[in-house]
Amino acid sequence: MYALNINAQVSLMLEDKEVMKGEVFTVDVSVSGFEKIVGMQFSMAWEEAFLRPIGVENFGLDGLNSDKFGIFEEQVSIQWSDPSATFAGVSLADSTVIFSMQFRALEQADSAMIHITDSPALIEFFNSDDIILEVQTDSSFVKIIDDSMTSTTTIQQDTPLQLHHNSPNPFTENTIIQIDAAHSQETDLRIFDQTGIEIQTLNLRLNRGANFIELNSSLFPESGIYYYQLLTDYYAKTKKLVVVR
């Protein structure tokens, strides 16, 4: 049983950015008050009309890697626990960057916000003294400048992949997902439950043109809402499906 200690506090901080429309950029997520932490979970959300998630990098916390993230179109969930056998907890210097979130700027905006949230994963940090800590959260404000002369915008308009909605949806036994590819390639289709936990990774060999991927309901542990995602160095898209048994 964990007890709340209002005198102990962890801070999650996000940096502000000024970027060009079409630019791929990173936002650092740093911590303060990170003392003897044995577990944490939280979520981040952003304005999907202006920002598209690409991935995560620059991990500064032992045991934290891309497998601990569930990335959707407008939010991500993060879950981590102390990887050591002693569970003595991990301490980090104030302002340590624990990871960086990578985005693509889609449209001009004076202030596109990225913020810490408690959905789908609640904000919880707990330490080796069995204490749930109070968490102070921050937001990032991204200014996106539109410059039609930039070559980055032109490059990003040519999308080598296109993920479509599955059909039928909802489904009971089988459903089909269409993926259009500009050229033959290999990629992964990742499937997550509502909490952002990855339940399946399917390695796909895509041919040029339309590809039709059949999913059987046996891939899913129970009825409910799930998400499927294509995430590459140049493309990120997530769709929702519903399994009914």
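**Salt bridges, a sheet and a buried residue**

Q: In this predicted model, which residue meets the side chain of D129 in a salt bridge?
A: The N and O atoms of this pair are 3.0 Å apart. D129 lies in the loop between β10 and β11 and its partner in the loop between β3 and β4, so the bridge ties together parts that are 93 residues apart in sequence. The side chain that meets D129 in this salt bridge belongs to K36.

Q: Is D129 buried, partly exposed or exposed?
A: Buried would need under 20% relative accessible area and exposed would need over 50%. D129 has a value of 43%.

Q: How many residues apart in sequence are the parts tied together by E186 and R205?
A: The side chains of E186 and R205 meet in a salt bridge, at 2.7 Å from N to O. E186 sits in strand β15 and R205 in strand β16.

Q: Is F25 buried or exposed?
A: F25 belongs to strand β3. Among the residues it touches, beyond those up to four places away in sequence, are V19, L51, F103 and V142. The relative accessibility of F25 is 5%, so F25 counts as buried.

Q: How far apart in space are F25 and S100, C-alpha to C-alpha?
A: In sequence, these two residues are 75 residues apart. In space, the distance between their C-alpha atoms is 9.6 Å.

Q: Which strands stand at the edges of the open sheet of three strands?
A: The order in this sheet is β13-β14-β17, with antiparallel pairing. An edge strand has a single partner, so one side of it is left without a neighbour in the sheet. The strands at the edges are β13 and β17.

Q: How many bridges join β14 to β17?
A: These two strands run antiparallel, and β14 covers residues 174-181. One of the pairs is A181 with G209 in β17. The number of bridges joining β14 to β17 is eight.

Q: What is the average pLDDT of the protein?
A: At least 70 is the score of 91% of the residues. Over residues 1-7, however, the pLDDT is below 50, and residues 149-158 are also below 50. Across the protein, the average pLDDT is 85.

Definitions and conventions: Residues numbered from 1 in each chain as written. Predicted model: local features only at pLDDT ≥ 70, side-chain atom pairs only at ≥ 80, totals over all residues. Heavy atoms only, no water. pLDDT = per-residue confidence, 0-100. Contact = heavy atoms within 4.5 Å. Helix = DSSP H or I, 4+ residues; strand = E, 2+ residues; numbered from the N terminus. Buried < 20%, exposed > 50% of the residue type's maximum accessible area, 1.4 Å probe, protein only. Pairing = 2+ DSSP bridges. Salt bridge = Lys/Arg side-chain N within 4 Å of Asp/Glu carboxyl O.
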